[in-house]
Structure formats: C-alpha cells, structure tokens
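Subject: Handover of a structure and notes on its contents

Dear colleague,

Please find below the structure that I am handing over to you.

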Amino acid sequence: MLLILHPDTPRDSEEYRQTMSFLDNLENVEVRVHDVSGSQQTLTELYLIGDTKALDAETIRALPAVERVIRISDDYRILGRHRYAGRQSGFDYNGVHFDQDNLNVFAGLCAVDNPENVEETLRVLKANGQVCTRMGAYKPRTNPYSFQGHGSGCLPWVFELAGKYGIRVIAMEVTHEAHVQEIDQALAEAGQPTGVMLQVGTRNTQNFELLKAIGRQSTYPVLLKRGFGITLNESLNAAEYLAYEGNANVIFCLRGMKTEAGNPHRNMVDFAHIPVVKRLTRMPVCIDPSHSVGTRDKAPDGLSDIVHATAQGLIAGANMVLVDFHPNPEKALVDGPQALLPSELPQFLEDVQLCHDTYQKRRAIWAGSED
Ligand code: PEP
Ligand code: MN
C-alpha cells in the first residue's frame, strides 16, 4: 500500500507524528519513507510493506497527514505509476533537475582516453551551454584484449577538469561496487568539483548484487540501461531493485535491442517504448542513440541515422539524451565510428531543442482528450 502525504508535510508536525505513530503500531507492516522532490513541491510517500491486505483503506486515509491511499497490485511497487497519472516524479541532483517532463543532454566520451581529449570535449560542451556529460572510466568490453578504460586512475583529472568547465553531472558506468567507493574517494579528494550519475550498462541490467549495492547508497542517482536481450518487464524490475534498496532516483535508458533484425544498425532502436515506460513507471526516460544506431552514416537528406533516431525519441517525450561525442573520433579508443563531431554539436543541440519543443506542442494538441 502506498500513502501520499499532503504536500510539504514537515517531519516535525503533529499530523506527521500522529500518522507515523499509528502506522508504526501496525503488526507485520514495515513503513518506508521516501521524499519525491518535484519542481513545485516535495511530496512524502510512505510505502507499507508486508501484511497490508487486511488494512482498511478508509481508516488509513483518515490519518491527518495522508492525502491519498493507493493499493498496489502491479509490479514496480516504488517506481510504478499504478495507474495514477498524477504521481509525482523527479529529483534534483547537484543543481540539475530530472523528471518525466524536462530534458537534459549528456554528450561526452564513450571512454576517457587522455586529458587533452577530455579537456577539449568539456571546452566545447561549455561553449555550447552544457552542464552534463558522459565519461567512461570503467569499460565493459566484449573482447578481453580491447581497451578496458583507465579505471580509477583517470578520475582525479577527469573530475578536476569537469569542475574547471562547470560540469554538474557526469554519467559514468560502474561495473562493480568497488567503483562507487573509488568515485566517492576521488570526488572527496578533488573537493567535490562535480557530480556523478552512476550508469549500469546493458550487460549488467540484471546483475542483482550490483543493483543492490548501488541501491543502498543514495549519494548518486542511477542511469539504468535496458537489458539488450530481456523483456521490458524484466528491465523495469531491475530498476525496482534499486528503489527497493533505497535509491529511487533512477533514470531508465533505452539503448536498442540486440537482434539481427536491427542490421545495419548496431541494435534495433526501441524508442517507441518511451511512452510505455512513462505509463508504467515514474522514471524519467533516457535515450542512447549512439549505442542503438552505432554508425555515423547519413541518409540522402544529409542527416545521420543517429540524429534521426534522437529526433524520434525526443518527439516521443524522452527526458535525457546520452550521446557519444569525440573531438577526434578516428583516434577514439572505443566507439569512434558512432561519435558526434565537435562541428556537429551546435546543430545537434538545436535539433534536440526543436524536437523537445515539438513534443510539448504535441502534448498541447492532445491535451484534454484523455478519457
Ligand atoms: C555505454 O554507454 O558506454 C555502454 C557501454 O552502453 P551499453 O551498456 O548500453 O552497451
Ligand atoms: Mn560505447
């Protein structure tokens, strides 16, 4: 059972105290408290876990701090929407807001290679008004002989440079719990010049021990990639692992599905699932056109397939774009052939904004037509 409290109910109010003392006395019911910070207000939600079938919803609704009681019958108890379109979504991290309505762009290096390329990337991003980026330090590779990323060794200079160029959030994949501690330590030693969003890659979507470990910390939000060969339901359940352990600041990333039918793209682009993820859950939805499409090839109209796929995702309401960028893609150690070029960034960002604005206009056209 999910209880939504009246907006901005203070923890030290009499209403909150009375509500909690009633709930704490229920037998075999555990109460978990979770704050959801929207752009206007903070909502406190209480999750009642355990023996809740016998509870009388009317009695609970009458508790002084409670505004709404929702019986949860579906999957994704914490992250799910449970057919309540008004359920608040979103969170703030290091001065950047993420929700199911807004948009953030994370262009950057698939893999950190050297300080010169990191600095040039960040310089171009700053010149284009960007405050978020992607930087791969720990790279899961198919081939054990391929470059595996610089790991913790690059973190001090990556974080320092990010701070120098005003970057607020870096999406960075981690493949082991120890990487989170390394990030913690490097950020602390550098004086917290920037923030990190922990990325769980498609090869680790169902690495449950990794999910549990990341879910137990709430310092960093999480970008969870959809598993490339499992059902959407299985991937959304993986996201729920993070929330169940305590971290509901999760963004869900579509990155294409592995199937021969996707050829000549690297993966079958799955951005038609954006509205589905939004209907089923409260997670902001990210698209990764680079790992979906995997090539810089262009259509006869002069636009690359990556740019077209990005537009398709944004028109459908994507909230974040994770895109590979490299100042010198021929020299990139990983995924150079799919990286955006510095000369393309201004047009890319203009196109992204146009598509997001068009999505908002599409919403306005259809507003009021819900049944
Ligand atoms: C990546 O974003 O660098 C990456 C490896 O993506 P994925 O896990 O989607 O393959
Ligand atoms: Mn890559």
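The notes below cover the conventions, the overall fold, the ligand, the cysteines and one serine.

This is a predicted model, in which local features need pLDDT of at least 70 and side-chain atom pairs count only at pLDDT 80 or more, while totals for chains, interfaces and linings use all residues. Residues are numbered from 1 along each chain as its sequence is written, chains are lettered from A and ligands numbered from 1 in the order in which they are written, and side-chain values use heavy atoms, with hydrogens and water left out.

Overall fold. The protein chain has eleven helices and 14 strands; these are DSSP runs, with H or I over at least four residues for helices and E over at least two for strands, numbered from the N terminus. Its radius of gyration, taken over C-alpha atoms, is 21 Å, close to the 21 Å that the globule rule gives for 371 residues, so the chain is as compact as a globular protein of that length. The globule rule is 2.2 Å times the number of residues to the power 0.38. Of the 371 residues, 53% count as buried, meaning under 20% relative accessible area with a 1.4 Å probe and protein chains only.

Ligand 1. The residues around ligand 1 include C110, R134, K139, T202, K225 and H291, each with a heavy atom within 4 Å of the ligand. By class, this shell has one nonpolar, four polar and seven charged residues; Asp, Glu, Lys and Arg count as charged, Ala, Val, Leu, Ile, Met, Phe, Trp, Tyr, Cys and Pro as nonpolar, and the others, Gly among them, as polar. Oxygen atoms of ligand 1 lie 2.8 Å from a side-chain N or O atom of K139, 2.8 Å from a polar backbone atom of T202 and 2.7 Å from a polar side-chain atom of K225. The protein covers 96% of the 290 Å² of accessible area that ligand 1 has on its own, by the Shrake-Rupley method with a 1.4 Å probe.

Cysteines. The structure holds zero disulfides, a disulfide being a pair of cysteine sulfur atoms within 2.5 Å. For C132, the nearest cysteine sulfur is that of C286, 11 Å away. C132 is buried, at 1% relative accessible area.

Serine 292. S292 is found in helix 9 (residues 289-293) and is buried, with a relative accessible area of 0%. The side chain of S292 reaches the backbone oxygen of D288 at 2.8 Å.

Yours sincerely

Notes. Polar contact = N/O pair within 3.5 Å; in protein donor to acceptor, adjacent residues only side chain to side chain. Buried < 20%, exposed > 50% of the residue type's maximum accessible area, 1.4 Å probe, protein only.
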